[in-house]
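Please read this note with the model open beside it. Each point can be checked by selecting the residues it names.

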Amino acid sequence: MSLFNKVKYKLVSYGTIALTKFVCLFKSYPLDKSMMIFGEPRSGTTWLMELLSNYKKCIVIWEPLNPRHGVVPVNLKNETRIFENPGNKSSLLEKFIIDVLTLKKINSWTMNYATLTSILSSSNTLTKFVRGTLLLPWITDIFSFAYKPVFIIRHPIAMTLSQMKGALDIKKEMMSSSVFKCIYPSRHEEYQTFINGLNSELERLVAMWCLYHKYILDFQNQKGTLIVIFYEDLLVNPKEELRKIISSWKLDLHIDSLDLRKPSQSDFSKQLKADPMAQLTKWQQEISLDEISDVQSILDYFEIGIYNSHSVLPVK
């Protein structure tokens, strides 16, 4: 980026933050009207956020839990996933989450997708979280929202390969030992031993996919407080999947006016295929049959039934 563009970006960022803080002096963003999207890195959260941001009454809050650029508390800067025990009504995170969702805590990173129009006309916030997955049970236990949070899921092999192409640091994707013990108190040593015995980065990242998703899906099966969207369904039948969210949230958003095949800004490689099934099957040419079999063994070990390694679509 040239010096001119760097200066321009800084000025725009400062202007966006200043305008947002000024507007917030005269209006508020009710916590209970917060709209949220959760998912793991490279699961389709950005694409879904871009589609839902066409609802003109919302202002986008971008990745507030990013450990490097977000607005996380200093004591949590080294955690790639932040966890809190469900039901903990005295958590120090409560005020932090409230401030994030109501635009009290912002920076140039979190306001990256905010526009002049959304700042002036919005009445709701739409927050996109990757790395916030483990907070979902606590958030939905502590707070009451008019809109169920959306949790988007993508095939473990497709998501993991996409993460690896993005040079994602595998060490930073592993849960810290303290978080591991909190989530799986009776089996963390067993799970840790299993992961340590895996042979490749692909296998270890798939194992972490299993651990993150197992925790949330077990919670969802008990509470039913989330809207679960599969990336594959969204790609093949975008209108139908979006209607699930729009209907639940009661949004005045006309799907027919949206470009549902427009590549997301997170499509860094610019290799999105026009045919949805061709897009979904790309990963099958990227790994061997032995690797596919090894991944299935991992899914079986963690008792994951919503996907299998031999099909690109979720198991219904």
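1. Basis. This is a predicted model, in which local features need pLDDT of at least 70 and side-chain atom pairs count only at pLDDT 80 or more, while totals for chains, interfaces and linings use all residues. Residues are numbered from 1 along each chain as its sequence is written, and side-chain values use heavy atoms, with hydrogens and water left out.

2. Aromatic pairs. The structure holds 17 aromatic pairs. Rings of Phe, Tyr and Trp (for Trp, its six-membered ring) pair if their centres lie within 6.5 Å; planes under 30 degrees apart count as stacked, over 60 as edge-to-face and the rest as tilted. In the pair W62 and Y113 the ring centres are 4.7 Å apart and the planes meet at 35°, so this pair is tilted. The pair links distant parts of the chain, 51 residues apart: W62 is in strand 2 (residues 58-62), and Y113 is in the loop between helix 3 (93-101) and helix 4 (116-121). Helices (H or I, at least four residues) and strands (E, at least two) are DSSP runs, numbered from the N terminus. W62 has a relative accessible area of 11% and is buried. Buried means under 20% relative accessible area, exposed over 50%, and partly exposed in between (1.4 Å probe, protein chains only).

3. F143 is buried at a relative accessible area of 7%, and F145 counts as buried at 18%. Elsewhere, ring pairs join F180, Y184, Y191, F194, Y301 and F302 into a cluster.

4. A charge over a ring. Which ring lies under the charged end of R154? The ring is that of Y231, and the charged end of R154 is 4.5 Å from its centre. A charge sits over a ring if NZ of Lys or CZ of Arg is within 6 Å of the ring centre and within 35 degrees of the ring normal.

5. T45. This residue is in helix 2 (residues 45-52). Is T45 buried or exposed? Its relative accessibility is 2%, so T45 counts as buried. Leaving aside neighbours within four places in sequence, T45 is in contact (heavy atoms within 4.5 Å) with I37, F38, G39, K128, F129, V130 and I152.

6. D99. Helix 3 contains D99, which counts as buried at 16% relative accessibility. Not counting residues up to four places away in sequence, D99 touches K104 and K105.

7. Helix 9. In helix 9 (residues 188-196), H188, Y191 and I195 are buried. They cover an arc of only 65° around the axis, which puts them on the same side of helix 9. The arc is that of the directions from the helix axis to the C-beta atoms. The face turned away from the buried side of helix 9 carries the exposed residues E189, T193 and N196. The buried residues of helix 9 pack against helix 8 (177-183), helix 10 (201-223) and helix 14 (289-301).

8. A pocket. On a 1 Å grid over the protein atoms alone, a cavity is a set of points where a 1.4 Å probe fits but cannot get out, and a pocket is an open set with protein on both sides within 12 Å along at least five of seven lines; lining residues have an atom within 4 Å of a point. The second largest pocket has a volume of about 450 Å³. Its lining has 19 residues, of which E50, L51, S53, N54 and K56 lie nearest its centre. Helix 2, strand 2 and helix 4 each supply at least two residues of that lining. Grid points are joined across faces, edges and corners, and a volume is the space filled by probe spheres set on the points.

9. A cavity. The largest cavity has a volume of about 60 Å³. Its lining residues are E40, R81, M159, Q163, E173, L205, M208, W209 and Y212. Helix 10 gives the largest share of this lining, four residues.

10. Backbone. Most residues other than glycine have a negative phi. R131, in the loop between strand 3 (124-130) and helix 5 (136-142), has a positive phi near 75° and is buried at a relative accessible area of 15%. K250 has a positive phi of about 55°; K250 is in the loop between helix 12 (238-249) and helix 13 (276-280) and counts as exposed at 71% relative accessibility.
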